Every structure is written in C-alpha cells, then in structure tokens.
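Please look over the sequence and the model shown here before reading on. The report that follows goes from the overall fold to the sheet, and from there to the charged and nonpolar side chains.

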Amino acid sequence: LNVLSAETGRVCGEIEVTKDYLNAGGGTHGGWLSSLVDAGGSLAVATHGFETTGVSTDLSISFLAPSGEGSTISFDARVLKLGRTLAYTEVDIRSGEVLVATGRHTKYIAREQARAASKDAAASAAASAAASKDTQ
C-alpha cells in the first residue's frame, strides 16, 4: 500500500492487485476491497491526530465494476464527519478512471483521548521551551 497524499481528513493511495487478492473467478476479492475501505477510513481518521482510530461500528461497500490481477487500485478516503464519539468516512476505490467500489465506514473514537494527548504535547513543548530559555 502506497500513500500518495495525506491531509487532515483525507488520504489517497494505491496498491497493485496481485493473485493473492483475487477471488475464485479471477476478480478482485470483495473481502479484500472491504479491508481497503476499513484501512483507508482508519487512515483518514488518523489524520486528525489520533494515535489509535477506535473500533469499527459499521462498514458497507457497493461493488460497481470488476478489476483483476495487475490492476493498480487507487483509493480516496475522506472523513465525512468527526463527532464526539463517532467518525464517519467514505472511501472510493478506482481502477484507472473506473469506480470499482465505494464504501462507508463508521468508527467509535475516543476523541477525549486525542484532546488529552494534544494538551499533553502542548504542555510538554511549553516546558521544553521554558527549560531551553532558562539555560541560555
């Protein structure tokens, strides 16, 4: 999996479909595409500063077109809403210009933990700055 870009609330990447990702009919396995929705949604949530991205509460996927071995699959994962306890994501999966699948992923998140981590990091930075100033 290659991450091509990341910004707050969005991650784009790509991966080549190998024979390990195929179903019995030679197409990209739906379970593997579902895993990509899970991973992509989690990466998009992580861009909001979460060390961990919680647990899945819901995942749905619609398969729209086939892809197969040798295809380069790209994904665009976006956070639609980051609430107090839930994060809602959407992931589009393409092979070239063809939309292969689209999925939605909801995660239970511990936002309070992220806030606490942010406050701890700010306090630590302030303490380091003060210590550095004292030694000059």
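A residue is called buried when its relative accessible area is under 20%, exposed when it is over 50%, and partly exposed in between, with a 1.4 Å probe and only protein chains taken into account. By this criterion, buried residues make up 34% of the 136 residues in the protein. The model is a predicted one, in which local features need pLDDT of at least 70 and side-chain atom pairs count only at pLDDT 80 or more, while totals for chains, interfaces and linings use all residues. Residues are numbered from 1 along each chain as its sequence is written, and side-chain values rest on heavy atoms, with hydrogens and water left out.

**Overall fold**

Helices (H or I, at least four residues) and strands (E, at least two) are taken as DSSP runs and numbered from the N terminus. The protein has two helices and six strands, and from the N terminus on its elements follow the order β-β-α-β-β-β-β-α. With a contact defined as heavy atoms within 4.5 Å, residues 24 or more positions apart account for 63% of the contacts that have a separation of 6 or more. The accessible surface, computed by the Shrake-Rupley method with a 1.4 Å probe and, for residues, with only the protein chains shown as cover, comes to about 7800 Å², and 50% of it belongs to carbon and sulfur atoms.

**The sheet**

Two strands are treated as paired if DSSP finds at least two bridges between them. On that basis, six strands form an open sheet in the order β1-β2-β4-β5-β6-β3, with antiparallel pairing. Strands β1 and β3 (55–63) stand at the edges with a single partner strand each, so one side of each is left without a neighbour in the sheet. Neighbouring strands of this sheet are turned by 15° against each other on average, direction ignored, where the axes are lines fitted to C-alpha atoms (for helices over the stretch in contact) and angles run from 0 to 180 degrees between N-to-C directions.

Strand β2 (residues 10–16) runs antiparallel to strand β4 (residues 72–82), and seven bridges join the two; within this pairing, G13 has F75 of β4 as its bridge partner. On to strand β5 (residues 86–95), β4 pairs in the antiparallel sense over nine bridges, and β4 and β5 form a hairpin with three residues between them. In β5, V91 is the bridge partner of A77, and R94 is the bridge partner of S74.

R94, which lies in strand β5, counts as partly exposed because its relative accessibility is 32%. Leaving aside residues up to four places away in sequence, R94 touches T72, I73, S74, L99 and V100. R94 and A65 are 29 residues apart in sequence, and their C-alpha atoms are 9.1 Å apart in space.

**Salt bridges**

How many salt bridges does a search of the whole structure find? With a salt bridge defined as a side-chain nitrogen of Lys or Arg within 4 Å of a carboxyl oxygen of Asp or Glu, the search finds five.

| Pair | N to O distance |
|---|---|
| D76 and R78 | 3.5 Å |
| D92 and R78 | 3.3 Å |
| R104 and E90 | 3.0 Å |

R10, D76, R78, E90, D92 and R104 are linked in a network of salt bridges. D92 counts as buried at 17% relative accessibility.

R104 and E90 meet through their side chains in a salt bridge, and this pair links distant parts of the chain, with R104 in strand β6 (residues 98–108) and E90 in strand β5, 14 residues apart. R104 counts as partly exposed at 45% relative accessibility, whereas E90 counts as buried at 17%.

**A nonpolar surface patch**

Patches are made of residues with over 30% relative accessible area and no salt bridge, like charges being joined within 9 Å and nonpolar side chains (Val, Leu, Ile, Met, Phe, Trp, Tyr) within 5 Å. L1, V3 and L43 make a nonpolar surface patch of about 250 Å². L1 lies in the segment before β1 (2–7) and counts as exposed because its relative accessibility is 52%.
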